[in-house]
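Take a look at the model below.

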Amino acid sequence: MGYEQMYVCNDEQAQEVRNHLDKLYGIKDVTSLEACCEHLFTTHREYVQFLSFWKEQPMFDLQDLQPEAKTMFEHFQSYAQLFYPFTQDKGFYAWDANEIIGLYRRAYACHLIDEEAFWKRCLPIARRVSSWYANWQEFALSSLCGALYFNLRNGGTDEEADGLFQLHMRLLQQLLSEGGAWGVHGWYQTMPKKFVKSKEEILQLLHDWEGGDGCIASDRILVDGCRIGYMYRQEPQQEWDSGWRFMAGDETQEYLDDPYHCGIYKLNTLCNYDPEIQPFLTDEVGSAYARKEDDLLHKISSKEA
């Protein structure tokens with residue numbers, strides 16, 4: 001398929017690729033394509049769960065699992081931990097991203113989706129990858145480790161893992177070589193954001209905070225200068241995470257699906273942008289607030305959210 005442009009099959013090739021996608025993945029249309037990506041490529045999602053246990057902030061109680069499921073979880077967790085010295089918190093996301101984009105390229109090549117659908121799905125993944133990894137070498141390492149975990153997770157043997165390792169290494173060496181696609185093309189860097197407030201303007205407003213003090217906030221607040229119109233607290237995903245999420249309230253789903261439009265910040269930073277949120281920050285997981293007609297934030301129920 002090459003790397004320079006979007007590859008398009010002729011009619012005969014397109015039918016062969018469609019048969020391949022159907023036979024191997026059960027992909028027949030856009031719906032089954034999305035379902036396949038959502039349910040098959042979950043290596044990083046599982047890695048994040050393992051990571052929460054390694055950092056002694058488990059996302060759930062292992063005792064809640066059935067004995068067979070608990071044994072399987074511990075087995076996969078033990079295997080994934082072998083890769084932690086190499087991947088650290090960045091985990092296996094590169095493998096999932098690479099496989100999903102590859103499937104979408106094939107789906108486009110055989111006319112299963114159009115170019116708009118391809119970019120709508122793949123551009124947010126590419127941007128997330130570019131912000132998550134520093135260079136092609138980091139991406140390649142994560143992809144290799146993810147491939148080996150994926151093999152075990154889906155019933156592969158040690159012999160198959162060895163063959164997969166050798167194949168993947170040859171492919172990566174080719175891509176990273178001086179004339180290879182990754183050697184020729186530099187790592188994509190997103191444009192730096194211009195925030196409303198400079199670092200010097202951020203005051204220490206949040207005192208005596210316990211636990212993770214990170215949060216996720218929309219650029220509509222920190223870049224465009226909008227007030228916080230909606231905030232909610234979910235279960236923290238990692239050690240740094242407070243669980244709080246902040247939005248202006250007018251973001252579309254398409255806007256939020258692009259990871260470039262959000263960022264990870266200190267809760268204290270958001271207090272500087274909108275001090276009104278500070279009294280609510282100790283509320284329990286599941287709490288949500290929205291700005292009403294009186295221009296104040298009010299606690300809302302899950303149904304309203």
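## Strands β2 and β3

In this predicted model, strand β2 covers residues 230-233 and strand β3 covers residues 241-247. The two pair in the antiparallel sense, over 4 bridges. Two residue pairs show how they line up. Y230 stands opposite M247 in β3. R233 stands opposite W244 in β3.

## Strands β2 and β5

Strand β2 also pairs with β5, residues 288-291. These strands run antiparallel too, and 3 bridges join them. In β5, Y289 is the bridge partner of M231.

## The whole sheet

Where do these strands sit in the sheet? The order is β4-β1-β3-β2-β5-β6. The sheet is open, has 6 strands and shows mixed pairing. Strands β4 (262-266) and β6 (297-299) stand at the edges. Each has a single partner strand, so one side of each is left without a neighbour in the sheet. Neighbouring strands are turned by 20 degrees against each other on average, direction ignored.

H298 lies in strand β6, one of the strands at the edges. How accessible is H298? Its relative accessible area is 31%. That value lies between the cut-offs of 20% and 50%, so H298 counts as partly exposed.

H298 touches A288, Y289, A290 and K292, leaving aside residues up to four places away in sequence. Of these, Y289 is also the bridge partner of M231. The side chain of H298 makes a polar contact of 2.8 Å with the side chain of D294. H298 and G229 are 69 residues apart along the chain, and 9.9 Å separates their C-alpha atoms.

Technical notes: Residues numbered from 1 in each chain as written. Predicted model: local features only at pLDDT ≥ 70, side-chain atom pairs only at ≥ 80, totals over all residues. Heavy atoms only, no water. Pairing = 2+ DSSP bridges. Axes fitted to C-alpha atoms, helices over the stretch in contact; angles between N-to-C directions. Buried < 20%, exposed > 50% of the residue type's maximum accessible area, 1.4 Å probe, protein only. Contact = heavy atoms within 4.5 Å. Polar contact = N/O pair within 3.5 Å; in protein donor to acceptor, adjacent residues only side chain to side chain.
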